[in-house]
Amino acid sequence: MPGRAPYGYRYRDGGYQLYPEAAMVVRAFFDHFLLYGSLGSAVRHINRRFHCTFAVSTGRRWLTHPWYRRSEPPLLRGDEAAQVDRWLRRNRAFAPRAASAPRALSGLVRCRVCTQTLRVASAPPKYLYLRCYQCPRSPKCAALDYTKTLNAIIQRITLDLPQSFSRIDPGSLINLRSRLDQSIAQKESVLLQIPKLLAQDILDLPTADQRQGTLRQELSVLMAQRAALPPVNLESITQNLSIPQFWHDLSEPERRSYLREFLRGITLDPQHIPQSISLQFFF
Ligand SMILES: [Zn+2]
């Protein structure tokens with residue numbers, strides 16, 4: 001590949017090779033992003049750990065740079081690249097749009113007293129609160145301070161999540177993943193044989209083209225299925241989601257996407273915070 005080597009590699013003896021010190025930084029960045037899916041948090045992590053000053057835009061480039069995926073040796077393996085793409089796809093659905101970005105809790109919390117969904121509302125200058133939408137009660141349910149409620153909910157998550165996770169069967173997930181891996185490997189090997197079959201006149205050109213097209217299509221479906229599986233390192237993620245500091249380090253859109261990854265909903269009684277907070281996990 002012509003041009004300057006991307007960070008983590010260097011040009012030497014007529015070829016590009018890993019530059020260990022820099023490769024370690026890029027790898028630490030990927031490791032962090034693979035676990036948490038947070039670009040900002042991964043960049044902050046390497047800047048803190050290696051005393052450097054990478055910009056978020058640099059990290060964003062690394063995540064999709066073909067070099068890290070295709071060069072020999074790659075800094076990002078195929079399954080890891082799929083996981084990166086999965087995070088990116090999910091994060092795109094929750095792209096930060098400055099002030100109009102949806103708050104982490106909006107649409108997620110329901111009032112146990114009046115059964116209404118709580119809406120996030122703001123009052124000048126910067127006060128944010130949660131209140132039952134079109135509350136039918138009289139007097140209406142009390143409005144809650146947004147930040148205090150969010151903190152109480154995070155606190156509850158860090159207590160309840162480990163227990164809830166311990167009930168999932170990791171075996172079923174591993175089986176599904178390995179079945180998909182096998183199908184992908186099988187289709188890839190058939191794809192590799194087509195040029196040979198063509199050269200031996202076993203396949204003619206139109207048939208080979210058609211077969212190749214079908215295989216590529218099937219492969220992309222399988223890859224998408226694989227990318228949609230829950231994160232590989234479920235256990236390490238749980239450990240970290242159980243640390244309040246982790247939640248406080250996230251941006252509001254990141255928090256929003258995380259909450260939706262694990263929670264079907266949250267119910268509470270506005271009069272009794274935090275005791276009344278109850279979490280409904282997906283598992
Ligand atoms: Zn209410």
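This is a predicted model: local features need pLDDT of at least 70, side-chain atom pairs count only at pLDDT 80 or more; totals for chains, interfaces and linings use all residues.
Phenylalanine 30 sits in helix α1. Its relative accessible area is 0%, so the residue is buried, the cut-off being under 20%. Now show what surrounds it. Setting aside neighbours within four places in sequence, phenylalanine 30 is in contact with Trp62, Leu63, Tyr68, Leu75 and Leu76. Twelve residues separate phenylalanine 30 from alanine 42 in sequence, and their C-alpha atoms are 7.6 Å apart.

**Helices α1 and α3**

Select residues 20-36 for helix α1 and residues 56-64 for helix α3. Look at how the two pack. Their axes are 11 Å apart and cross at an angle of about 80°. Angles from 65 to 115 degrees count as roughly perpendicular, and α1 and α3 therefore fall in that class.

Next, show the side chains where the helices meet. From α1, pick Val26, Phe29, Phe30 and Phe33. From α3, pick Gly59, Trp62 and Leu63. What is the make-up of this contact in nonpolar, polar and charged residues? Six of the residues are nonpolar, one is polar and none is charged. Trp62 and Leu63 also belong to the list of contacts of phenylalanine 30 given above.

**The zinc ion**

Move to the zinc ion. Which protein atoms are its donors? They are the SG atoms of Cys111, Cys114, Cys132 and Cys141. These donors lie 2.2 to 2.4 Å from the ion. Along the chain they follow the spacing C-x2-C-x17-C-x8-C.

Check the geometry here. The angles between the four donor atoms around the zinc ion run from 100 to 121°. The arrangement is tetrahedral because all of these angles lie between 85 and 135 degrees.

Are cysteine 111 and cysteine 114 buried or exposed? Cysteine 111 has a relative accessible area of 2%, so it is buried. Cysteine 114, at 6%, is buried as well.

**Two cis peptide bonds**

Select serine 138 and proline 139. The peptide bond between them is cis, with omega near -5°. Proline 139 is in the loop that links β5 (127-132) and β6 (144-145).

Then go to isoleucine 273 and proline 274. Here too the peptide bond is cis, with omega near 5°. Proline 274 is in the loop between β7 (263-268) and β8 (278-281). For context, most peptide bonds are trans.

Most residues other than glycine have a negative phi. Two stops depart from that pattern.

Select aspartate 13 first. Its phi is positive, about 50°, although the residue is not a glycine. Aspartate 13 is in the loop between β1 (9-12) and β2 (15-18). Its relative accessible area is 75%, over the 50% cut-off, so aspartate 13 is exposed.

Now select histidine 51. This residue is not a glycine either, yet it has a positive phi of about 50°. Look for histidine 51 in the loop between α2 (39-50) and α3. With a relative accessible area of 74%, histidine 51 is exposed.

**The whole chain**

Colour by accessibility next. Of the 283 residues, 43% count as buried. Last, turn to contacts between residues at least 6 apart in sequence. Of these, 57% join residues at least 24 apart.

Terms used. Residues are numbered from 1 along each chain as its sequence is written. Side-chain values use heavy atoms; hydrogens and water are left out. Donors are N, O and S atoms within 2.8 Å of the metal (3.2 Å for Na, K and Ca); water is not among the atoms, so sites may look incomplete. Four donors count as tetrahedral if all angles lie between 85 and 135 degrees; four count as square planar and six as octahedral if opposite donors are over 155 degrees apart and all others between 65 and 115; anything else is irregular. Buried means under 20% relative accessible area, exposed over 50%, partly exposed in between (1.4 Å probe, protein chains only). Axes are lines fitted to C-alpha atoms, for helices over the stretch in contact, and angles run from 0 to 180 degrees between N-to-C directions. Helices (H or I, at least four residues) and strands (E, at least two) are DSSP runs, numbered from the N terminus. Angles under 35 degrees count as roughly parallel, over 145 as roughly antiparallel, 65 to 115 as roughly perpendicular and the rest as oblique. Contact means heavy atoms within 4.5 Å. Ala, Val, Leu, Ile, Met, Phe, Trp, Tyr, Cys and Pro count as nonpolar, Asp, Glu, Lys and Arg as charged, and the others, Gly among them, as polar.
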